[in-house]
Amino acid sequence: MKALITGATSGIGRSMAKKLSSRGWELILTGRNEAALSQLNAELPNTETITADLSKREDVFKVYGFCRDKGVDMLVNNAGDGIFGRFEKTDLDDELNMIDVNIVAVHILTKLFLRDFKERDHGIILNVASSAGFMTGPLLSSYYASKNYVVRLSLAIAEELRRDKSKVSITVLCPGPVDTNFNNRAGVSFSVKPITPDYAAEYALRKAFDRQLIAIPGLTVRAGVFASRFVPHKLLSAVVYGIQHSKKPAEGAEKAVKNEG
């Protein structure tokens, strides 16, 4: 069995790579950090790497071309960026790059690998989103919106696969806070205790192998996502604003953060 993992050099992606490797999977790993990819290549058996910046569409297609004839059985769309700050103050170029990574790259790779998987009637797609994908996120507006896209795209594809009685499956991972460099680079702190990347990765893989559609690790986060369905949008936005504002590193500070290696 072989898996492609994007954003594989840190956080959840790195944990997934190690866990799949320990299960005997062959790996294709991609990220921006060539040195970190080389280190993983040396650590993990049966691993190939390809350096790519998924904010560039030509690199997204380069990754697919590299993998196309290698018999990939599982696609893990893990790479992602985030931007903290008021919408009118955040940098437009940073936001567009984030949209390219969080939405466009996920869209392209999901579509292309889904076509291949459906032709073989076999394959797993694991899209890493966030519990933010079920909410509106003032001060992280573009990030929350991008994760909403990933959640809704995955849910729609799942229904199409169900109606086709396809053996291809799709799972969307929607964790709450995860203890990675994402918040550290933004200079903000978590309002609740984060889970570890290893826990998130193990939970996601277990759900994906069980063909479960939605994977939300942590009882508190699952309860919060469920409860959010019954809260008026304005009130929920106000609550999220309060949570995010409490993390703010400094007045006027807008930061772009990346969790793709």
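Analyst: A residue counts as buried under 20% relative accessible area, as exposed over 50%, and as partly exposed in between, with a 1.4 Å probe and protein chains only. The model is predicted, so local features need pLDDT of at least 70 and side-chain atom pairs count only at pLDDT 80 or more, whereas totals for chains, interfaces and linings use all residues. Residues are numbered from 1 along each chain as its sequence is written, and side-chain values use heavy atoms, with hydrogens and water left out.

The part examined here is helix 7. Helices (H or I, at least four residues) and strands (E, at least two) are DSSP runs, numbered from the N terminus. Helix 7 contains 13 residues, and its first and last C-alpha atoms lie 18 Å apart, close to the 18 Å expected at 1.5 Å a residue; the expected span is 1.5 Å times one less than the number of residues. Pro197, Ala200, Ala201, Tyr203, Ala204, Leu205 and Ala208 are its buried residues. Taking contact as heavy atoms within 4.5 Å, these buried residues pack against helix 1, strand 4 (74-77), strand 6 (124-128), strand 7 (169-173), strand 8 (214-215) and helix 8 (219-228).

Two packed helices are described by the angle between their axes and the distance between the axes. Axes are lines fitted to C-alpha atoms, for helices over the stretch in contact, and angles run from 0 to 180 degrees between N-to-C directions. Helix 1 (residues 11-22) and helix 7 (residues 197-209) have axes that come within 8 Å and cross at roughly 60°. Angles under 35 degrees count as roughly parallel, over 145 as roughly antiparallel, 65 to 115 as roughly perpendicular and the rest as oblique; helix 1 and helix 7 are therefore oblique to each other. On the side of helix 1, the contact is made by Gly11, Ile12, Ser15, Met16, Lys19 and Leu20, which meet Pro197, Asp198, Ala200, Ala201, Glu202, Ala204, Leu205 and Phe209 of helix 7. By class, this contact of helix 1 with helix 7 comprises nine nonpolar, two polar and three charged residues. Here Ala, Val, Leu, Ile, Met, Phe, Trp, Tyr, Cys and Pro count as nonpolar, Asp, Glu, Lys and Arg as charged, and the others, Gly among them, as polar.

The end of the helix also deserves attention. Just after helix 7, Arg211 adopts a positive phi of about 60°, although Arg211 is not a glycine. Most residues other than glycine have a negative phi. Arg211 lies in the loop between helix 7 and strand 8 and is partly exposed, with a relative accessible area of 45%. Another positive phi, near 55°, is found at Lys165, in the loop between helix 5 and strand 7; Lys165 counts as exposed at 72% relative accessibility.

Another helix pair in the chain is helix 4 (residues 92-120) with helix 5 (residues 141-163), which pack at an angle of about 10° with axes 9 Å apart. That makes helix 4 roughly parallel to helix 5.
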